[in-house]
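Good morning, colleagues. Please look at the sequence and the model on the screen.

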Amino acid sequence: MTDLAPQHQADADQTARPQPVRPKAALNGARSFWLKQLHSWHWISAALSLVGMILFAATGITLNHAAQIPAEPVTVEKTATLPQPLLERLSSFPEDTTDPAPEAVVLWASQALSVDIAGKPTETTPEEIYVALPTPGGDGWLTIDRATGEALHENTTRGWIAYLNDLHKGRNAGPVWYWFIDVFAVACVIFALTGLGLMWLHARGRPSTWPLAGLGLLIPVVIALIFIH
């Protein structure tokens, strides 16, 4: 009985000691961690960029075939006359400037012509005040005759496809859309890089992974080298 006690104690001590982590188990743990992280970032970036990606892909096609897609411009004109008190106040406005129109004129234009010219630069001469009002998928402008007070607002639209095409290019869409494009682009980069990471982790069980990825790189390179001059 006394001979068995030390042996039993030694077995207990060996059991209590932490067992070394096997390299394969550690590798599987790291792979599981990165799979989880990449899957999470991949679906989050996909959700954030899904609608934008469809929009930019579809408008890429419409832009590529813009000449084949007919567009009927529609022009709407509105006229009004600046009240005499406001016309007199314009006499103190500089005769050669790009400053925005006075606040009183901005308010009047909003009410009389339903046009917002607040903070927009003007092309002012001694004869008239001109405000360019470009919009996605269209164009517009407002002129005010400094002698008579006659105002003319013209707005031209070229349809929804032209509107979406200009959003694709960020043309005349304002600062908020400008920043949206940047954020969307970052989400797309994350989506692509996490997809590459997932491809890397699954490539061993999918032999066609790297040949297909290489083909995706090779096709545009060959087209650029051979067909673009």
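R171 is partly exposed, at a relative accessible area of 31%; here buried means under 20% relative accessible area, exposed means over 50%, and partly exposed lies in between, with a 1.4 Å probe and protein chains only. This residue, R171, makes a salt bridge to D166, and the closest N and O atoms are 2.8 Å apart. By salt bridge I mean a side-chain nitrogen of Lys or Arg within 4 Å of a carboxyl oxygen of Asp or Glu. Salt bridges with shared partners link R158, D166, K169 and R171 into one network.

A word on provenance: this is a predicted model, in which local features need pLDDT of at least 70 and side-chain atom pairs count only at pLDDT 80 or more, while totals for chains, interfaces and linings use all residues. Residues are numbered from 1 along each chain as its sequence is written, and side-chain values use heavy atoms, with hydrogens and water left out.

How many salt bridges does the structure hold? The number is three.

Let us turn to K169, which pairs with D166 at 3.6 Å between the closest N and O atoms. Both belong to helix α5, residues 160–169, and, being three residues apart there, they are separated by about one helical turn. Helices are DSSP runs of H or I, at least four residues long, numbered from the N terminus.

Is D166 buried or exposed? D166 is buried, with a relative accessible area of 3%, whereas K169 is exposed at 52%.

Finally, R158 also forms a salt bridge with D166, the closest N and O atoms lying 3.7 Å apart. R158 is partly exposed, with a relative accessible area of 31%.

Note on methods
Helices (H or I, at least four residues) and strands (E, at least two) are DSSP runs, numbered from the N terminus.
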